[in-house]
Amino acid sequence: MENLNREEELEAIRNSSFDSVNIDEFFDNASQKEDDIIQTGIIVFTDHQQKLIDRLSSALAQNASDRVDRLQSRLTDVTNLAKAIAYFPSLLERANTTTSTRTPEALVETLISYQEDGDTTLHMPSKAILGKGFLVAKIHTFFSMSKLAKNYAKMTDREVKEYSDETISMMFTLMAEDVYMNLIKDKNIALDIRREIANSLIILWEHRSDQTINDIAPVLQSVWTARRKLAPAFGTMMGTSELLMVTLQMDDQWNSFIRERLADPEVTQAMEEFLFGVSYEQILRLKGILRDQGVKSIGRDEVSAYLGERVKTDINLDYRDFYLLYTVRRDNARARQRLHLQGPKNTLEDHFFKFIMEQNREKQKNDTFAKEYL
């Protein structure tokens, strides 16, 4: 149902007339509380999130009643923030701005044609920037809820994990914005696919929800979890055994990605950066140092000493560390692209997103072809 709804929404954006979009067409909200749906299409709390909120509120009322009002106050702040964003024009409708008329079609073409380097904050729609703030506030709120569940509500480890998982899922939605922007600027990607990615980005901005990331997030979270268990041999720096360990624990999507794309040096280099937690340039330096000194392997805690600089190679499951290390790899990739340097020009996440979107596109094409001949 969700995939079908999203396809309808993409089709609405592609439609040249760009009539006003009725949000009811795109969300299965029969069970959604009306107050939770903001006029712009932002769902402040999904059904699942609302269930988590209700469960925590009930548990706090029994075990730490003084925390209930604090939680409700924070949730009200998040809701009020979404309501404020609702005053800005929808990105899915034709809108009269202060100086011109904006359409979704024009916004897509602007995103594709704008190829300047640097921070694009001032070139983005106000609603996109405000929505990111809303998502960050919501992420922090659910992170606080996970701590309340653990330290005050007397919930089980399994129950606490639900709040942590929801926080991480929203973090991936935040990351998806960067990935989409990277892919939109990649001229090696076919123009029609870049337009589709731009459509997805606009939908994400409008609703602060994304079906693609909902599909991908569990896989990336599993990769991150598996990486935490690895003990890379920083001698060969090849990552073969580490990659095998990660792959054995993944689903069919990840295994297909490894099979079909790892032969590409760009993907291999991005994978090494992800696995080892150090940059392509640092990997090359470390290889040379260990080779010259005749050292076969070192541990994570020795990497900084050998490189002569602080390198964050420690691994934990904190969603903030995942995002932090991702942004380091993202910025390094953008710098190589801008300065025409050797090394990966995209992150592992970029490559995986692109792979999944191409797979989904091919599946839709095959499904359409099959329907025509039924």
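Here's a quick briefing on confidence, nonpolar cores and salt bridges in this structure. Keep in mind that the model is predicted. Its pLDDT averages 82, and 80% of the residues score at least 70.

**Confidence**
- Helix H2 (residues 47-63) has the highest mean pLDDT of the elements, at 97, while helix H1 (residues 2-14) has the lowest, at 54.
- Residues 16-37 have pLDDT below 50, though the model gives this stretch 43 contacts beyond near neighbours in sequence.

**Nonpolar cores**
- The largest nonpolar core has 82 residues, and Leu56, Leu111 and Phe353 touch the most other members.
- Leu111 sits in helix H4 (residues 104-113), where Pro104, Leu107, Val108 and Ile112 are buried along with it.
- Those buried residues line one face of H4, because they fall within an arc of 135° seen down the helix axis.

**Salt bridges**
- The count comes to 16 salt bridges.
- Arg361 and Asp192 meet at 2.4 Å, N to O. Arg361 is in helix H15 and Asp192 in helix H7, so the pair ties together parts 169 residues apart in sequence.
- Arg336 pairs with Glu273, with the closest N and O atoms 2.7 Å apart. Arg336 is buried, at 1% relative accessible area, and Glu273 is buried too, at 4%.
- Asp178, Arg330 and Asp331 are linked in a salt-bridge network.

Conventions. Residues numbered from 1 in each chain as written. Predicted model: local features only at pLDDT ≥ 70, side-chain atom pairs only at ≥ 80, totals over all residues. Heavy atoms only, no water. pLDDT = per-residue confidence, 0-100. Helix = DSSP H or I, 4+ residues; strand = E, 2+ residues; numbered from the N terminus. Contact = heavy atoms within 4.5 Å. Core = buried A, V, L, I, M, F, W, Y, C linked by side-chain atoms within 4.5 Å. Buried < 20%, exposed > 50% of the residue type's maximum accessible area, 1.4 Å probe, protein only. Arc of directions from axis to C-beta. Salt bridge = Lys/Arg side-chain N within 4 Å of Asp/Glu carboxyl O.
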